[in-house]
Amino acid sequence: MQLTPEVTTALTRITKMRDQAFYWYDSNLITKQCRQFTAIPYENKSVHFATMANASPDFLRLTRNAGIKVFVNSLGHLQIAQYVGYSGRDIVFTSSGMSDSLLSSVRNSGAVLNLDSTSQLRRFWKLYPDAPVGLRCNIGDRVTPRKTRSGYFLGKDSRLGLDLSELEALAGNPFIEGLHLYLGTDIMELDYFRECYEVMTDLATLFPKLVYLDFGGGFGVEDSGGEHFPMEEYGRLVTEQMNALNARMGRTIQLLLEPGRIIGAEAGFLAVRVTDVKHRNGRQLIGVNASSAQFTRPLLYPDDAYHPVFRLNGQDGPLMDTSVYGCSTYSRDFLAHDIKLPEVEEEEWLVFSLAGSYCASSYTRFLGFEQIEEIFS
Ligand SMILES: Cc1ncc(COP(=O)(O)O)c(C=O)c1O
């Protein structure tokens with residue numbers, strides 16, 4: 001992967017006007033990614049951007065203008081979604097361990113709600129007898145669960161969803177309006193989607209009044225081999241499976257999708273300024289004006305966060321073993337480990353790519369840093 005001339009020009013223009021680190025997003029690319037989903041041939045669908053990937057209002061305005069709705073898992077994100085103009089069933093809410101007051105807030109918002117367990121269902125129906133609702137499914141007994149970047153989302157190693165026996169015990173219930181699946185994150189292989197969706201379409205036939213199947217997210221983003229998610233093939237696959245289900249059910253079931261990472265990852269960049277350079281045992285240690293508290297992925301995924309780093313001035317030179325560290329005393333404050341860069345100079349800018357998803361949104365107050373400003377153009 002390389003920085004394109006357009007991205008370099010846009011970032012350089014901003015660095016002329018500021019000292020502090022910033023996130024920059026290519027708005028056109030975000031819109032283009034949304035349109036890949038709205039272009040999926042299956043007609044009765046509703047695509048909901050997963051705000052855990054990026055909950056900034058400017059980001060959500062872009063997804064909204066591109067015809068994408070929203071998926072949230074907390075009251076805070078529900079409120080941001082409402083603030084940018086989403087309402088009612090534009091919003092899908094799926095979470096776990098929900099309190100009565102959270103259940104009521106979500107119910108009152110009119111959002112589509114998916115519950116995580118039979119006791120959450122009991123709790124919900126005690127508050128709202130026989131109100132239609134969706135269920136998160138853990139179909140790990142019918143597929144071989146795969147470990148994805150954040151671990152297992154299906155099977156006995158996942159804490160999430162109702163298992164098959166719990167779902168089958170509810171068969172025939174006319175108040176189950178939806179079934180929800182989230183199979184994992186950053187998945188490139190269509191086979192896993194196919195296998196899991198087949199099980200979900202089977203389960204759908206258990207519920208006579210089912211309105212929707214929510215297949216969640218998990219769409220992979222460019223990996224170190226440069227591979228991209230096969231979006232068109234995916235569109236054909238999900239359309240075929242939904243059409244086959246409709247034929248079995250004798251009516252049309254709505255398809256919901258909750259893409260997160262894929263919508264903004266490639267469109268976002270983090271630009272930081274070099275504030276110090278040290279050399280230790282032949283390694284270059286670069287200090288920058290930001291912290292892993294503001295760019296947490298290398299902290300959360302030390303072994304596999306993949307964010308190629310570039311010198312904004314583009315200069316070449318012999319490559320050195322390099323790590324980039326944050327401006328704190330926290331020993332694990334690294335923004336990149338064991339990468340290769342030419343020798344850099346103080347005051348120049350470095351750019352972290354694939355930084356539009358789960359980066360700004362996973363900021364933590366730990367260490368006392370402000371959130372890094374996000375700029376959209
Ligand atoms: C239920 C659910 N849906 C959608 C998403 C978005 O997933 P991704 O970013 O892998 O597309 C997540 C992410 O954790 C999730 O938990």
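Mentor: Helix 5 (residues 100–109) and helix 6 (residues 118–127) pack at an angle of about 65 degrees with their axes 10 Å apart. This is a predicted model, in which local features need pLDDT of at least 70 and side-chain atom pairs count only at pLDDT 80 or more, while totals for chains, interfaces and linings use all residues. Residues are numbered from 1 along each chain as its sequence is written.

Trainee: What makes Asp-100, Leu-103 and Ser-104 of helix 5 part of the contact with helix 6?

Mentor: Two residues are in contact if their C-beta atoms, placed from the backbone, lie within 7 Å, and by that rule these three of helix 5 meet Arg-123, Phe-124 and Leu-127 of helix 6. By class, the contact of helix 5 with helix 6 has three nonpolar, one polar and two charged residues.

Trainee: How do you know that strand 5 and strand 6 pair?

Mentor: Strands pair if DSSP finds at least two bridges between them, and two bridges join strand 5 (residues 112–115) to strand 6 (residues 133–136), so the two parallel strands qualify. Leu-115 has Leu-135 as its bridge partner in strand 6. Both strands belong to a closed barrel of eight, running 2-3-4-5-6-7-8-9 with parallel pairing, and the twist averages 25 degrees from one strand to the next.

Trainee: Which residues are closest to the ligand?

Mentor: A residue is near a molecule if its C-beta atom, placed from the backbone, lies within 6 Å of it; 16 residues surround the ligand, the closest being Ala-50, Thr-185, Gly-217, Gly-260 and Arg-261.

Definitions and conventions. Axes are lines fitted to C-alpha atoms, for helices over the stretch in contact, and angles run from 0 to 180 degrees between N-to-C directions. Helices (H or I, at least four residues) and strands (E, at least two) are DSSP runs, numbered from the N terminus. Ala, Val, Leu, Ile, Met, Phe, Trp, Tyr, Cys and Pro count as nonpolar, Asp, Glu, Lys and Arg as charged, and the others, Gly among them, as polar.
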